[in-house]
Amino acid sequence: MTGPSGSGKSSLAARSGLPVLRLDDFYKEGTDPTLPLVEGSSDIDWDSPLSWDADAAVAAIEELCATGRTEVPEYSIATSSRTGAESLDIDRTPLFIAEGIFAADIVARCQELGLLADAICLRGRPSTTFRRRLARDLREGRKSIPFLLRRGWRLMRAERGIVARHVGLGAHACARDEALGRLAAAAAGRHRTANTPA
């Protein structure tokens, strides 16, 4: 499950009752020299897939599908660092949700590996996403207020392009209710590809 930051992915994943792999825990650490910068700024571009370890995320998904458990990093967005690790055990559940803003970037790889039940991109109104994202980030003290305002304004203007990019990578864009329906269908074994009509 993917979608712009603040689109409601985590809330929807929790509401589904399915086990959840938080892909945002695979962010690189703030000291990593390969982190990209926002063009024309000294801010780290945490919305670029280059700020994230896709290989480690795919490896965790593969292990979960093969064994039902994997070790995942615990990541602090406030300090831009890994603070530990935890074991994620999905028991015998045949389906789990891997959610994060970069999930679309690994759709093709998961499909090739035979691990993909569906690829969903949550979408909504950019102004609503902006408010939801800012309230969450302020509540959790994720970054400084000036950084959050700059990022929020930039993401609000880019949101339609972000959704279009996720669709281009193989995700199906939809609102919450349709997403819940697709999750229920996948849980019932009616797997869909991103381009299969709902």
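Tutor: Let us begin with a single residue of this predicted model. D55 has a relative accessible area of 53% and therefore counts as exposed.

Student: Which residue forms a salt bridge with D55?

Tutor: The general idea is that side chains of opposite charge can pair when their charged atoms come close. Here the partner of D55 is R109, with 3.0 Å between the closest N and O atoms. This pair joins distant parts of the chain, since D55 belongs to helix 2 (residues 54–67) and R109 to helix 3 (residues 107–112), 54 residues apart. R109 is partly exposed, at 33% relative accessible area.

Student: How many salt bridges does the count come to, and which residues are linked in a network?

Tutor: The count comes to 14 salt bridges. A network of them links D47, R136, D137, E140, R142, R151 and R154. Within it, R142 pairs with D137, their closest N and O atoms lying 3.5 Å apart. R142 is buried at 16% relative accessible area, and D137 is buried at 3%. Another salt bridge joins D177 to R176, at 3.4 Å; D177 is exposed, at 54%, while R176 is partly exposed, at 46%.

Student: What is to be read from helix 5, and where does helix 5 bend?

Tutor: An α-helix has 3.6 residues a turn, so residues three or four places apart point the same way. Helix 5 (residues 145–168) has 24 residues and spans 32 Å from first to last C-alpha, close to the expected 34 Å. Helix 5 bends by about 60 degrees at A158. Its buried residues include F147, L148, R151, L155, E159 and V163.

Student: Which residues form a nonpolar patch on the surface?

Tutor: L138, I145 and L149 form that patch, with about 270 Å² of accessible area together. L138 lies in helix 4 (residues 126–139) and is partly exposed, at 42% relative accessible area.

Technical notes. Residues numbered from 1 in each chain as written. Predicted model: local features only at pLDDT ≥ 70, side-chain atom pairs only at ≥ 80, totals over all residues. Heavy atoms only, no water. Patch = residues over 30% accessible without salt bridge, like charges linked within 9 Å, V, L, I, M, F, W, Y side chains within 5 Å. Areas by Shrake-Rupley, 256 points an atom, 1.4 Å probe, with all protein chains shown as cover. Salt bridge = Lys/Arg side-chain N within 4 Å of Asp/Glu carboxyl O. Helix = DSSP H or I, 4+ residues; strand = E, 2+ residues; numbered from the N terminus. Buried < 20%, exposed > 50% of the residue type's maximum accessible area, 1.4 Å probe, protein only. Expected span 1.5 Å × (residues − 1). Bend = angle between axes of the 7 residues up to and from the residue.
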